[in-house]
Amino acid sequence: PAPMGDAPELDAVLGGGSWDVGTSFEGPPKPTDPIRLGRNVCYVVLAVLFNQEDEVLMVQEAKPECRGRWYLPAGRMEPGESIVAAMRREVKEETGLECEALTLLALEERGPAWMRFVFLARPTGGTLKTLEEADAESLQATWWAGDPCALPLRAPDILPLLDLATRYRRSPPHPPTLPQDLPCAQLCLRLLLTFTNDTRDLWVLLGTAGTPHLPVVACGTSPGELRGGLRLPVLRLLRDCLGVETPPGPLGLLGLQHRAGGPGGGDGICFNVLLSIPASGPGAAPPELRDRALRWWHVEEESLRGRILQRLRTTVPVRS
């Protein structure tokens, strides 16, 4: 029998859904202090919106350091907010428009110290902010039809995000993905870590404590990790438990779960990520495990194997 039974956790994670994190973590012990916005993490939201004429919504900045320059609607999340609510608030404050989130386009991160959630959204109402309504949030907003580079931009980092949004609208590279409402006290990664060889054999790494499950590793367990990328705890697990020094492929985001005012008032997030370890040669088997709390599961069920292999190519990009 499959070690995950009928694999409801795997089904949920592959479909962009959520699953209870529980209290057992693989690798080093989890941090004891809850994650708190403004204290040990910073979450930023950014939105790309287009109208029916394919014009993009741009904001003229009011902040003294970039006053008069243009940017996409963006800002910091506040304690007690959900990620989508923060995005909608920022769009409303800076542009005057109401909006609906369609999908995450990317996760940009520098470790727990700074993460930016980039959304594609669509306008649902409101009135475009004019210069007469300028305030501390922004001077005005406009629908821009031309090349954004023709505007004096606050920073060019929005240009690849506009490219991502344009490509997504033309041909979505991943299913619509939005944060799921499920609490998480810590910042952690749930790993769908795969190994495939040239004959399309597929193995998935499982934690064996209690019911077999996808391994969960904590982020930011030391001060040095607070500004390290999300790959750090993954690399640590691979090195300590698998003896793998070859870096895995890029992290892809399958989904994430967060609830405002979660356990202990924490602002933790669980990122469900997919990555693969490259095979060492033809017909290779997965690396031997050093940790008895982990095991490789050979996925033999054809449709499940197909879904996992497809998702290896269709995840939300994580930009570190």
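Residues are numbered from 1 along each chain as its sequence is written, and side-chain values use heavy atoms, with hydrogens and water left out. Since this is a predicted model, local features need pLDDT of at least 70 and side-chain atom pairs count only at pLDDT 80 or more, while totals for chains, interfaces and linings use all residues.

View 1. Tyr71 sits in strand 3, residues 70–71 (strands are DSSP runs of E, at least two residues, and helices are runs of H or I, at least four, both numbered from the N terminus). With 2% relative accessibility, Tyr71 is buried (under 20% relative accessible area, using a 1.4 Å probe and protein chains only). The side chains of Tyr71 and Asp157 meet in a polar contact of 2.9 Å (a pair of N or O atoms within 3.5 Å; within protein, one must be able to donate a hydrogen and the other to accept it, and residues adjacent in sequence count only if both atoms are side-chain atoms). Leaving aside neighbours within four places in sequence, Tyr71 is in contact with residues including Leu46, Met58 and Arg154 (contact means heavy atoms within 4.5 Å).

**View 2. Gln60 and its polar partners.** Look for Gln60 in strand 2, residues 56–60. Gln60 is buried, at 12% relative accessible area. Its side chain makes a polar contact of 2.7 Å with the side chain of Gln140, and the side chain of Gln60 also reaches the backbone oxygen of Gly68 at 3.0 Å.

**View 3. Cysteines without disulfides.** The structure has zero disulfides (pairs of cysteine sulfur atoms within 2.5 Å). Cys188 is in no disulfide, and the nearest cysteine sulfur, that of Cys184, is 3.6 Å away. Cys188 counts as buried, at 0% relative accessibility. Cys241 is in no disulfide either, with the nearest cysteine sulfur, that of Cys219, 15 Å away. Cys241 is buried too, with a relative accessible area of 6%.

**View 4. The lining of the largest pocket.** A pocket is an open set of points on a 1 Å grid over the protein atoms alone where a 1.4 Å probe fits, with protein on both sides within 12 Å along at least five of seven lines; lining residues have an atom within 4 Å of a point. Of the 19 lining residues here, those closest to the centre are Val44, Lys63, Ala74, Gly75 and Arg154. Strand 4 (74–76) and helix 2 (83–95) each supply at least two lining residues, and strand 4 gives the most, with three.

Note on methods:
Buried means under 20% relative accessible area, exposed over 50%, partly exposed in between (1.4 Å probe, protein chains only).
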